[in-house]
Amino acid sequence: MTTSKVGKGAVTDRAKTPTRRELYEANVRRRATRIALISTISVGLAIFFLVPLAPGWEAVQRSFFNGRVFAATFPGLVEAFLLNVMIFAWSAPLIAVAGLAIALCRDTRAPALFPLRLFGMAYTDVFRGLPVVLVIYIIGFGVPGLGLPRPWNSPYIWGTLALVLVYSAYVAEVIRSGIDSIHHSQRSAAASLGLSDQDIMRFVVLPQAIRNVVPANMNLFIALQKDVALLSFIGPVEIFRQAGVYKSLYANFTPYVGAALIFLALTIPATRYADYLMNKQNRART
């Protein structure tokens with residue numbers, strides 16, 4: 001019995017001891033980290049010291065990095081950004097639902113439902129092929145031009161519709177790719193258990209497909225948050241338009257820099273979270 005315990009302990013100790021290959025790889029990683037850190041610091045210092053030496057730096061600093069203008073306008077920009085967040089908050093669920101519906105239309109296999117499949121194909125082809133700003137102009141100015149009574153002539157309604165039309169086409173294609181990634185053998189196995197086509201899609205395919213495409217859709221919703229600013233062209237005073245108002249008021253471009261910092265404060269953490277989800281998904285597959 002004692003010999004057995006000693007033997008197990010020896011095996012455990014040998015298992016904990018890193019191999020020469022592991023030591024070499026750890027050394028390579030440490031060396032790469034040092035080189036990356038040194039190069040990053042060098043580039044940062046070069047930018048910090050060399051850019052101010054440019055002939056027009058003082059004029060650029062006054063126009064884009066004016067501390068007095070920044071302090072005066074930043075609170076108003078944050079308040080205007082809340083409108084961006086609200087538009088995003090009610091647009092995102094609509095896009096998710098519409099994208100899922102279009103993806104299901106494209107995936108339908110029943111001959112009698114071929115018109116739905118044709119509609120899904122046409123929808124994604126049209127709205128993925130049009131620039132977002134063009135759809136916003138057409139919907140945002142065209143529909144109110146019909147003379148609809150209030151509140152149906154609101155730019156918030158039609159601007160939201162334009163975003164939903166465009167982004168649901170992209171989300172639909174991402175979801176459809178997730179549906180196609182589920183091996184057909186799973187459908188066959190579910191059918192052999194007596195599940196209907198609707199139940200197979202609902203209980204077998206969709207849960208896996210949606211889980212697979214969460215990182216990709218996260219990136220789309222990050223892009224949506226930025227494109228909400230395009231609604232300023234049809235009226236809403238969100239952060240981009242408010243920055244334009246301040247630019248005219250102070251004759252200075254610093255408000256645009258403030259708006260950029262606010263966007264970055266939201267989109268960078270969201271982007272890192274999307275990368276985390278994607279890396280986690282990749283590790284689970286290996």
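Select Arg176 first: at 21% relative accessibility, this residue counts as partly exposed, a class that lies between buried (under 20% relative accessible area) and exposed (over 50%), with a 1.4 Å probe and protein chains only. The model is predicted, so local features need pLDDT of at least 70 and side-chain atom pairs count only at pLDDT 80 or more, while totals for chains, interfaces and linings use all residues. Residues are numbered from 1 along each chain as its sequence is written, and side-chain values use heavy atoms, with hydrogens and water left out.

Arg176 and Asp180 form a salt bridge, with 3.6 Å between the closest N and O atoms; the term denotes a side-chain nitrogen of Lys or Arg within 4 Å of a carboxyl oxygen of Asp or Glu. Because the two residues are four apart in helix 7, about one helical turn separates Arg176 from Asp180. Helices here are DSSP runs of H or I with at least four residues, numbered from the N terminus.

Proceed to Arg106 and Glu173, whose side chains meet in a salt bridge at 2.8 Å, N to O. Arg106 belongs to helix 4 (residues 67-107) and Glu173 to helix 7 (residues 155-180), so this pair ties together parts 67 residues apart in sequence. Both Arg106 and Glu173 are buried.

Select Asp107 and Arg187 for another salt bridge, at 3.3 Å, N to O. This pair links Asp107 in helix 4 to Arg187 in helix 8 (residues 184-192), 80 residues apart. Both Asp107 and Arg187 are buried. The count of salt bridges comes to seven.

Now turn to the largest pocket, which holds about 450 Å³ of space. A pocket is an open set of points on a 1 Å grid over the protein atoms alone, where a 1.4 Å probe fits, with protein on both sides within 12 Å along at least five of seven lines; lining residues have an atom within 4 Å of a point. A volume is the space filled by probe spheres set on the points, which are joined across faces, edges and corners. Select Thr108, Arg109, Asp197, Gln198 and Met201, the closest to the centre among the 15 lining residues. Helix 9 gives the most to this lining of the largest pocket, with four residues.

Finally, select Phe88, Ala92, Met218 and Phe221, which are among the residues lining the second largest pocket. About 150 Å³ of space lies in this second largest pocket.
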